[in-house]
Amino acid sequence: MEKKQNSMQQRDGFRTQWGFILACIGSAVGMGNIWRFPIMVSQWGGLTFLLPYFFFVILISSSGVLGEFSLGRMTGSGPIGAFGQCTEMRGSKRTGQVIGLLPVLGSMALAIGYTVVVGWIFKYTFMGISGSLFHLGTDMNLIGSTFGAAAPESSSLSESISTVFGGVAGNNLWLIIGLAINTFIMILGIGGGIERVNKFMMPTLFFLLLGLGIYIFFLPGSHEGYSYIFRLNPEGLLNPKLWIFAFGQAFFSLSVAGNGSVIYGSYLSKKEDLVYSARNVALFDTLAALLATVVILPAMAAGGGDLSKGGPGLMFVWLVNVFNGMPGGRFVGMIFFICVLFAGISSLVNLYEAPVATLQEVFHLKRLPACLIIGGIGCITAVSIQGITSQWMDAVSIYICPLGAAIAGIMFFWVCKKEKVMEAINMGRKKPVGEWVLNLGKYVYVPLAMIALIAGAILGGIG
């Protein structure tokens, strides 16, 4: 027991509560906020979508997010160790450890797909800073072919690798650069790497998005975008699909998948208030999504773009066209892709952390070799799946991540003993919360997580 306590004392961790909160915000603020959330707002009618979305954000942050933070801190472990300790209370530690492997693999699979997307983002950020993105002008064929070059159809590993070393770097070189930077941040550790980087990137991201929003507000025609954002269709609120999609967006936007939030929670001091932390993560994640919306939709309106355009084409084709055609477009495009880059890196670091921590816990590796092994596997696999990135991300987001979140909820709210759950939630809190949190997790959040999994499979993905 003493040996275990000494091991836990030596474990790296976050140095401040706000460092932890900013890192968690960074993990949550990603592509879902930047390119999917604005389109969901547009397609479902502004406030018609936002009202149920806000409701689910409050629900999930008060149950799922809080539960995963608490589970990680209570056990001092990632998913494998945490789930193992939960089932150990019921007599079978091995069962939980085996189940805990699923969210770790899900985190790794999602990180690999994200690595490809972050490679695209690195390329476009460089093009934005150098001015070559602006020089594409408003020729949609030219802009589209540039993105096509960044997302090649071929998924052959040998062809992809030969592209890098054959002198035509394509996106592979950017993918490798992005992953190398990501791995370097992780090697520096939790406090010295992940916390320090997010303390810089997250405030900067919010500041830049706010500045873009103010600039675009004064552009002619941008008011059409605001009319989309603030319109309300009361009849639309009666559509069950709206609530399913709103829950799915909130679910994935808050990054509850049984991995990243659990492992980040395990690095947090026992003195910190997790209820406060979960509330702030939800608040700033939602604020980032709203800021992205008041940048993208009014910008699309000012540029005469189609507000129903979604997916990767929105960011890498349609928005490039819009930015290049507006006053100050070169500057706007550069700042926008810097924001997207910060969001992408912070999310990618979180996704790779669960596999890295697993190698450290299970095989007792030091952080440097663990990061290099996971980074190497991620690089080789990401290079090989570029042609099927969309299908890869769909499969992971529809099945593995919701299942991981549901299992984490079951482990914490159902398998753990009641007194352990309440102790874990209220640890470090001056005014303890009541058992309503436990009941909310057991009887509302966990069933809804299962519904998200089933609905996602039926509807083809809701995150």
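**Close-up views of a predicted model**

View 1. Apart from neighbours within four places in sequence, Ile-410 is in contact with Val-415 and Val-446, contact being taken as heavy atoms within 4.5 Å. The structure is a predicted model, in which local features need pLDDT of at least 70 and side-chain atom pairs count only at pLDDT 80 or more, while totals for chains, interfaces and linings use all residues. Residues are numbered from 1 along each chain as its sequence is written, and side-chain values use heavy atoms, with hydrogens and water left out. Ile-410 belongs to helix H18, which spans residues 389-415; helices (H or I, at least four residues) are DSSP runs numbered from the N terminus. With a relative accessible area of 33%, Ile-410 is partly exposed, a class that lies between buried (under 20%) and exposed (over 50%), using a 1.4 Å probe and protein chains only. Tyr-445 is 35 residues away from Ile-410 in sequence, and their C-alpha atoms are 9.6 Å apart in space.

View 2. A cavity is a set of points on a 1 Å grid over the protein atoms alone where a 1.4 Å probe fits but cannot get out, and its lining residues have an atom within 4 Å of a point. The space in the second largest cavity is about 30 Å³, the volume being that filled by probe spheres set on the points, which are joined across faces, edges and corners. Among its lining residues are Gly-64, Glu-68, Phe-412 and Tyr-445. Helix H4 (47-75) and H18 each supply at least two residues of this lining, and the largest share, 5 residues, comes from H18.

View 3. The residues that line the largest cavity include Met-127, Phe-134, Asn-324 and Arg-330. Two or more lining residues come from each of helix H6 (93-130) and helix H16 (329-363), and H16 gives the most, with 4 residues.

**View 4. Cys-416 and the sulfur of Cys-86.** A disulfide is a pair of cysteine sulfur atoms within 2.5 Å, and by this rule the count comes to 0 disulfides. Cys-416 is in no disulfide, and the nearest cysteine sulfur, that of Cys-86, lies 3.2 Å away. Cys-416 counts as buried, at 3% relative accessibility.

Note on methods
On a 1 Å grid over the protein atoms alone, a cavity is a set of points where a 1.4 Å probe fits but cannot get out, and a pocket is an open set with protein on both sides within 12 Å along at least five of seven lines; lining residues have an atom within 4 Å of a point.
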